[in-house]
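This briefing describes the overall build of one chain and then turns to selected local features. Please view the structure alongside the points that follow.

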Amino acid sequence: MLLIGKTAVVTGCLQGIGLATLNLMAANGANVFACCQKQTPEIEGHMGRLSDHYGVDIVPVYFDLLDEQAIKAAASTIQKAKKPIDILVNVAGANFDALFHMISMEQMQKTFQINFFSPMLFTQYITRLMLKNGAGSVINVSSISAIDGNPGQLSYASSKAAMLAATTTLSAELAPKGIRVNAIAPGVIDTDMTKDLPDDVMERQMILSDLKRVGTPEEVASLIVFLASDKSNFITGQIIRVDGGIG
């Protein structure tokens, strides 16, 4: 168990990589502020079962990344719990795929708000709590689209590329304060987001992949847990691909 005694804040816990990260962190002994866009009976029940099974505290925090006041309120809720925050994982994101000449400025702005501006605002709040401890690990979930590009994903790839630039910049700023910042760039992962990819796009990605398969959310979560743990204390400012060998 890599995270015994640590407290994490994880966004996007409703499904996909965020949910897998919540599960694996709890299995490794972490207490988690599990951030979701909305409350459902299913996620509430799941958090309760995780807490009981692993003997950890799972605290749901609900907010929409398009609502800055809700983000501020969520951060205030976490602060008021008066628990030292060791880990922040920015998973939550969205994509609005369209070819360049078909995408609207409104869609582009919304994509950047969800994938970059709001996570950065939330990171400001949470890393201020980490500064009090003089230690912490921030993991940003980006995408290989941010590195390689992908037709029809201009706004998504660009917003995720901004997250990569923020990662290396924040690493340089926060390392002297004891806070590490790394990013993960997943490839094609079996989530609801990739289920909508056209067949030709999936086929092209599988041709490029050395492993010839899609990844699982659990495989991404495994790397997140490692980067959150003390086993990675000398790793910061890195962008790590989890893509099955696409390239």
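Buried means under 20% relative accessible area, exposed means over 50%, and partly exposed lies in between, with a 1.4 Å probe and protein chains only. The model is predicted, so local features need pLDDT of at least 70 and side-chain atom pairs count only at pLDDT 80 or more, whereas totals for chains, interfaces and linings use all residues. Residues are numbered from 1 along each chain as its sequence is written, and side-chain values use heavy atoms, with hydrogens and water left out.

**Overall build**

- The chain holds nine helices and seven strands; these are DSSP runs (helices H or I, at least four residues; strands E, at least two), numbered from the N terminus.
- For 247 residues, a compact globule would have a radius of gyration near 18 Å, and the 17 Å of the chain agrees with this. The radius is taken over C-alpha atoms, and the globule rule is 2.2 Å times the number of residues to the power 0.38.
- The C-alpha trace spans about 50 × 40 × 35 Å along its principal axes.
- Among contacts (heavy atoms within 4.5 Å) between residues at least 6 apart in sequence, 77% join residues at least 24 apart.

**Surface and burial**

- Of the 247 residues, 49% count as buried.

**Strand β5**

- Strand β5 covers residues 136-141, and six of its six residues are buried.
- Both of its faces are covered: G136, V138 and N140 are buried on one side, as are S137, I139 and V141 on the other.
- Strand β4 (residues 87-90) runs parallel to β5 and is joined to it by four bridges; two strands pair if DSSP finds at least two bridges between them.
- L88 has V138 in β5 as its bridge partner.

**The loop between α9 and β7**

- S229 lies in the loop between α9 (217-228) and β7 (239-242), and S229 is buried, with a relative accessible area of 0%.
- Not counting residues up to four places away in sequence, S229 touches L2, L3 and R180.
- S232 lies in the loop between α9 and β7 and is buried, with a relative accessible area of 1%.
- S232 touches R180, F226 and L227, not counting residues up to four places away in sequence.
- The C-alpha atoms of S232 and S137 are separated by 9.4 Å, although these residues are 95 residues apart along the chain.
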